[in-house]
Amino acid sequence: MSPDDVSFSEQDQRFMRRALDLAHSAMYRTSPNPRVGCVLVRDGQVLGEGATLAAGQDHAEVQAVKQAWERGHEVRGATAYVTLEPCAHHGRTPPCADLLATQGVARVVAALVDPNPLVAGQGLQRLRDAGIQVDVGLFADEAREINLGFISRMVRGTPWVRLKVAASLDGVTALPNGTSQWITSEAARADGHHWRARACAVLTGLGTVRADDPQLNVRAVQTPRQPIRIVVDSRLECPATVRLLQSADSPLWIVHALPPEQAAPRLAALRSAATASLDLQDIALPVDPDKPGKTDLRALMQVLGQRGINELHCEAGEKLNGSLLRAGVVDELLMYLAPQLLGEGAGLAALGPYQQVNEGLALRWHDVQRIGADLRILARFPPSFSP
């Protein structure tokens, strides 16, 4: 029997569910770090609990130990329930595995092994070497869902890419005259801001910037940080008057495929038009080998992974949506369907034309819910990695 081949008690399940709730509470703040919850228990009593703070601040295990101390408890002999393996390396903070060992914790129950190559089982091994009982795998699927982006970046080197679309029941995302506000309800739009808030970055294309002049920020939910805003503008044709240049709440990255001598004057014009405190950066990428003049989106995902982007939330028009889907970089489709028919208009993605039905892109249903008057569908492509 392997060390991880164990049966978990009802008490284990109850406290790990609490740890998962704590990890959820950190949904909007931890990137590029994973969202982790920790509960310290002895004799059925919670001594302390915690969730990961912003990058560079306390991890969940540290928060839990500190809370136990504040309550006057020692944690010696306790069981630690953590949603991800305690870290074993010195990053911005010391190793949590060492903290639990030095505090005399008797048992650690972890939902997942950390896929970070700097950890990858080393934290669990340190705990075992210290004589601590280690059990792994309780509610692993739930723990993966909380950190799909972090796991994707660790395993593939690229973010988890979510493509969000709002459409009528017949799949129209904008009328022939370009009008798209608002096809779905206020409740659906507010729900969409939750998905923006959990992402590290929100991506759109030049077409959407010109048509809608979006802000790409989170407004409908409370969040301690705004996601980075990314615009794919292959020829750097973004108007200097757009609202994105007037907000400094988060960095703005402009992605293009121009050589430096052509890019420099256009970037200078954008920086001159931008508010002084805006962190405006450009990402110069190769031209897509299959689409001359367009940015290589596969290369973009590699760069975003290197920059610590875990979850990428895409809100674009049918052209860029089609390009993202054809490039094979989309992991899931987040679609809000309004109960109305709009007839002619833009679709969710410019794909095809296909000659056979089986040539289309196949997804799998993951979740369907009613949101206000609308339907929210989450569908995923067959995974190219095992989170």
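## Salt bridges, surface patches and backbone features

Arg-162 is buried, its relative accessible area being 1%. Here buried denotes a relative accessible area under 20%, exposed one over 50%, and partly exposed the range in between, with a 1.4 Å probe and protein chains only. Accessible areas follow the Shrake-Rupley method with a 1.4 Å probe, and for residues only the protein chains shown count as cover.

The structure is a predicted model, in which local features require pLDDT of at least 70 and side-chain atom pairs count only at pLDDT 80 or more, whereas totals for chains, interfaces and linings use all residues. Residues are numbered from 1 along each chain as its sequence is written, and side-chain values use heavy atoms, with hydrogens and water left out.

### Salt bridges

The model holds 18 salt bridges, each defined as a side-chain nitrogen of Lys or Arg within 4 Å of a carboxyl oxygen of Asp or Glu. Arg-162 is paired in this way with Glu-332, and the closest N and O atoms of the two are 2.6 Å apart. Glu-332 belongs to strand β12 and Arg-162 to strand β6 (residues 160–168), so this bridge ties together parts that are 170 residues apart in sequence. Helices (H or I, at least four residues) and strands (E, at least two) are DSSP runs, numbered from the N terminus. Glu-332 has a relative accessibility of 1% and therefore counts as buried. Both residues also take part in a network of salt bridges that links Arg-35, Glu-145, Arg-162, Arg-198, Glu-311, Glu-332 and Arg-380.

A further bridge joins Asp-331 to Arg-156, with 2.9 Å between the closest N and O atoms. Asp-331 is placed in the loop between α11 (318–326) and β12, and Arg-156 in helix α6 (residues 148–156), so the pair connects parts that are 175 residues apart in sequence. Asp-331 counts as buried because its relative accessibility is 8%, whereas Arg-156 is partly exposed, with a relative accessible area of 22%.

Asp-135 and Arg-107 form another salt bridge, in which the closest N and O atoms are 2.9 Å apart. Asp-135 sits in strand β5 and Arg-107 in strand β4 (residues 107–110), so this contact ties together parts that are 28 residues apart in sequence. Both Asp-135 and Arg-107 are buried.

### Surface patches

Patches consist of residues with over 30% relative accessible area and no salt bridge; like charges are joined within 9 Å, and nonpolar side chains (Val, Leu, Ile, Met, Phe, Trp, Tyr) within 5 Å. For charges, Lys and Arg count as positive and Asp and Glu as negative, while His and the chain ends are not counted. The place of a charge is taken as NZ of Lys, CZ of Arg, CG of Asp or CD of Glu.

A surface patch of positive charge gathers Arg-235, Lys-291, Lys-294, Lys-319 and Arg-326. Of these members, Arg-235 is located in the loop between β8 (228–232) and β9 (252–256). A nonpolar surface patch of about 310 Å² is formed by Leu-351, Tyr-354, Leu-361 and Leu-363. Leu-361 lies in the loop between β12 (332–338) and β13 (364–371).

### Backbone and loops

One runs from Ser-31 to Pro-32, with omega near 10°, and Pro-32 is in the loop between α1 (10–25) and β1 (37–42). The other joins Gly-352 and Pro-353 with omega about 5°; Pro-353 falls in the loop between β12 and β13.

Phe-139, a residue other than glycine, has a positive phi near 55° and lies in the loop between β5 (133–136) and α5 (140–146). Asp-213, also not a glycine, has a positive phi of about 45° and is found in the loop between α8 (206–212) and β8.

Ala-55 occupies the loop between β2 (45–51) and α2 (60–70). Its C-alpha is 9.4 Å from that of Pro-34, the two residues being 21 residues apart in sequence.

| Residue | Relative accessible area | Class |
|---|---|---|
| Arg-235 | 35% | partly exposed |
| Leu-361 | 38% | partly exposed |
| Ala-55 | 30% | partly exposed |
| Phe-139 | 13% | buried |
| Asp-213 | 24% | partly exposed |

### Annotated positions

An unreviewed UniProt entry places the feature "binding site" at Ser-180, Arg-196, Leu-216, Arg-219 and Glu-315. UniProt positions are given in the numbering used here, feature names are shortened, and annotations may be inferred rather than shown by experiment. Among these positions, Leu-216 lies in the loop between α8 and β8 and is buried, with a relative accessible area of 2%.
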